[in-house]
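Open your viewer and get ready to select some residues. This tour goes stop by stop.

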Amino acid sequence: MSTERVFLDWYEPCLPQAAAWLKDQLTSESVIVTPGARSGRRLMELLVEQAGGQLINPPRITTLGHLAEGLFTPSLPMAGFATSRLILAQVLAQMPTDHLSALLAEPPAEDDLRSWLELAGRLLDLFTTLAGGHLQATDVLEHCGAITDFPEVQRWEVLCVIYENYVEALANHQLTDSNLARFEALQEERISFGGRLFLVGTVDINALTGQVLQQVQDRCVALIHAPSSLADHFGAFGELNQTAWLERSLAIDPEHLRTAILPEDQVRVVLEKLSEIPSPKVNEITLGVGDEQMGPLIEQLTLCANVPTRWPRDRQTHLSRPATLLTALGTYAAGHQTRDLGVLLRHPDMAIKLQEVLEFKDPAVLDQYISRHLQLRLSSDSPQDYAQHLTQLKQVQKVLDDLLGSNIRQKQTLDQWSLFIEELLAVIYEPQQFNKHQSEDLAIIESLRAIGTILEQWSPPPPESPPEFSQKKIPETEKSSAPSAFPLPLLSFHDALALLTDQLQEVVLPKPSDEPAIEILGWLELHLDDAPNLLICGFNEGLIPGPLGANAFLPDSVRAQLGLSCDQSRLARDRYMIEAILASRPNVCLIAGRFNTEGQPIMPSRLTLMDKPDQLPATIARFSEPPSQSNILFLPPPADETSATQWIPKPVPPAKPITELSVTAFKDYLACPYRFYLKHICKLRQPDPFEPQLGAAAFGNLAHDVLQVFGSHSIADSTQFKDIEAFLFETLDTLCEQKYGKHLLPAVHIQREQLRLRLEVFAQRQAILRSDGWHIVSERVESKLEVDFPVDGLPFSLVGRVDRIDRHEDGRYRIIDYKTGNNALKPEDTHRFGPKNDKQWKDLQLPLYHQLTKSIVLNSRVELGYFLLAKTPKDIQYCPAPWGVTELDEATKLARTIVRNIRRGLFWPPQAPPVYSDGLEGICQDHYPLRSDLIAMMGDDA
């Protein structure tokens, strides 16, 4: 008896019709199969509605991917992905190197488990792809000669050996995997089912699932969303006849098509179309995306227009707080390095734990010691300044060592690590109180639940498990409860967490959905969605149909010849889906962009070119026309003046008037008054990150410290560069040991030697300067100066630290600033910009140094300049500024104007984002796509 096929009217949505048809057909033994989980959940909602809210014996609903295991009992426990990957990694590591050279240029080192696991994951994906076509590696090898343009016999011979060894290794562990279990069940004809299987909208059925369904075809009913006149376009189970759909022309009404230039322009089209819908309800509208990178963008921009939307897939579990905490603990456990300790100190959940155990008010301050001294590991040789911080850090290490235990560096099996990780998370999170009605707490709860689900799969199965699809079976697990003939591979805590993280990458945390909002869905979910209004962004080539992705082992042409999913099969699927979508909804808009989210040009979907040949010129012409302009601005709803939540918080006048300013701060005001306000009024700063090397600032500070000691010493009067060089080298070594300990990090050691090379050239240049009559004023080396700088008769002070003042024997002075950047930027380069005859000031540091030192130099001639300690030896030299009295007067007037503006509280509006990162990007909304519109809406007033 063959499968029954039921054709549903495709001029109405599929799922409501399916629910109406199914309501009298279902029993408790029925199983409904849908393409995806969301369509299954929606179908269950509709069935409950059909039953008046009381569905006494609800059917089981599953997806195509999970169907097969419900129809047979495997002969052995099935290894889950983690164990399969671990076993295959062990197999690969034992392969001869000359065999593996056919797969990759350089095999990983024997003990590099993570690289072996990565390769194993890629090969498991390959074997699963083949299994979907009811193929194994040996089948591809047999076809190699018949496949055109595929001279890969040697590679597939190796892959066959790997696959055979993997299958043997599974058997040695008394395990199988899902693909092997399906092959075996098909071969032995053990596929059976006592109820009825209802296939709803399952148009994309691979060969293996088709073979499974063949053995229960008399129990199957396929509900096909298409008119019966197209019966020959579908197979027995509702799968597509690829050739028929590719040969069928597709006429898309121009009214359904719109073009836009940028991604945000596509959202403007969405808002325009929504405004045309009378009294729209959120459950009557769905937004679709061909490019899932547009999901968060659409959500953000529609929120600005006060249209609630929800993109459900922007919370990745592997980036959640519990997952990142485990990763940080694993990294720290692998080496006990201080940089990894610093990461833990920054983690909010670890900070809570440390506050609980050690009663620290702010454990993050300990990170300052780590960032300052760059120790590889804390030891008795660690610098002893800030001794309290060092003591507390060692207390933190003791807490972490107790938390992780003494066996943390031993290798264990997956089930042993599963138990350990569960206990570790319990110790950290059980004392905390979580409120599931708060989104941040709910994200932690859901993350812990997702981690727990994976860890359960790593553990042995319980003695009894409930049967699935009314048939007893051995459940999928990560390890058999029976003793294995061979022990499972052992792995480190760090590698176990790497496996966990990889599995978590496949898990997305849904957003809380208490508030009504328009759903934003991916392309494959749109066909079975039943909202009457559907707007699809990203109707472009490379998105709809989407790419399969490059595969070194199975190019697309080979996939097509093997009967696997390929570009043509995807085109046929999407060709059917778009016609079904257009037929079943009264309002559909397909929006094609000219540029993607990365700014690259893109073309409209080739689905728009499947019309009859005589219609193609008109279709192409429509996409070549300039898109219509829109006046819609993406702006937030008017902010409540009393609310603390604003898109860009407006500046508030300082409680106390500003009466002094550093000469270096004027540069910040010239760059952006708003950022000046955040830095100098609100005192916001970005925490110094730990880097296993000297950052630019730390490198410069070390050089300044060495030169300060030199300038204050009598050796500064020497004209013998060798004497100067020896003093500088000795000072450098002493300061490095004081700052960074006796055992420098490798990068710091290299940077010390790089600075030594610069100091060597500096010694030569300095000896020449002294011979030319220039003498360092030792009492003014690195001196902090303050000078009155009245503006409009009101007192004001300039403060600054001058690196060095030189006095010539003839009475001239030089005010010198050391610059240790790699590039030899001269004073003119750093202080002014613009065309030669219209230079504008962007920094006032050196000109204001002239103001700071007036009481020292009196009426003497003064020169301003840099002493460049650049990367290239030829650039290490003194470089004077070219400004005369006129330019310095301009700079002084500009400084007084800035003081007036600060007194008046003129810190708004923000300027365009700078090219450097200062940690204020979020507050300033630097990455908001229409930032200028937002600032304009907020007004010009401060």
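**Stop 1: two crossing helices**

Helix H14 passes helix H19 in a right-handed crossing. Keep in mind that this is a predicted model. To find the pair, select residues 321–335 for H14 and residues 414–429 for H19. Their axes come within 12 Å and cross at roughly 115°. That angle makes H14 roughly perpendicular to H19. Why quote both an angle and a distance? Two packed helices are described by the angle between their axes and the distance between the axes.

Now show the side chains where the two helices meet. From H14, pick Arg321, Pro322, Leu325, Leu326 and Leu329. From H19, pick Ile421, Leu424, Leu425, Ile428 and Tyr429. Which classes of residue make up this contact? There are nine nonpolar residues, no polar ones and one charged one. Look at the spacing of the numbers along each helix, too. An α-helix has 3.6 residues a turn, so residues three or four places apart point the same way.

**Stop 2: one glutamine**

Next, select helix H18, residues 387–404, and pick out Gln397 within that helix. Is Gln397 buried or exposed? Gln397 counts as buried because its relative accessibility is 15%, and the cut-off for buried is under 20%. Show its neighbours now. Leaving aside residues up to four places away in sequence, Gln397 touches Tyr332, His336, Leu341 and Leu378.

**Stop 3: a covered helix**

Move on to helix H26, residues 673–681. How many of its nine residues are buried? Seven are, and the helix is mostly covered. Colour the buried ones: Pro673, Tyr674, Arg675, Phe676, Tyr677, Leu678 and Ile681.

What do these buried residues pack against? Select each partner in turn:

- strand E14, 660–662
- helix H25, 665–671
- helix H33, 885–903
- helix H34, 921–924
- helix H35, 931–938

Then step just past the end of H26 to Lys683, which takes a positive phi of about 60°.

**Stop 4: the whole chain**

Zoom out and show everything. The chain has 35 helices and 23 strands. Its C-alpha atoms fill a box of roughly 110 × 70 × 60 Å along the principal axes. Of the 942 residues, 50% are buried.

Conventions. Residues are numbered from 1 along each chain as its sequence is written. This is a predicted model: local features need pLDDT of at least 70, side-chain atom pairs count only at pLDDT 80 or more; totals for chains, interfaces and linings use all residues. Side-chain values use heavy atoms; hydrogens and water are left out. Axes are lines fitted to C-alpha atoms, for helices over the stretch in contact, and angles run from 0 to 180 degrees between N-to-C directions. Helices (H or I, at least four residues) and strands (E, at least two) are DSSP runs, numbered from the N terminus. Angles under 35 degrees count as roughly parallel, over 145 as roughly antiparallel, 65 to 115 as roughly perpendicular and the rest as oblique. A crossing is left-handed if the near helix is turned anticlockwise from the far one by less than a right angle, and right-handed if clockwise. Contact means heavy atoms within 4.5 Å. Ala, Val, Leu, Ile, Met, Phe, Trp, Tyr, Cys and Pro count as nonpolar, Asp, Glu, Lys and Arg as charged, and the others, Gly among them, as polar. Buried means under 20% relative accessible area, exposed over 50%, partly exposed in between (1.4 Å probe, protein chains only).
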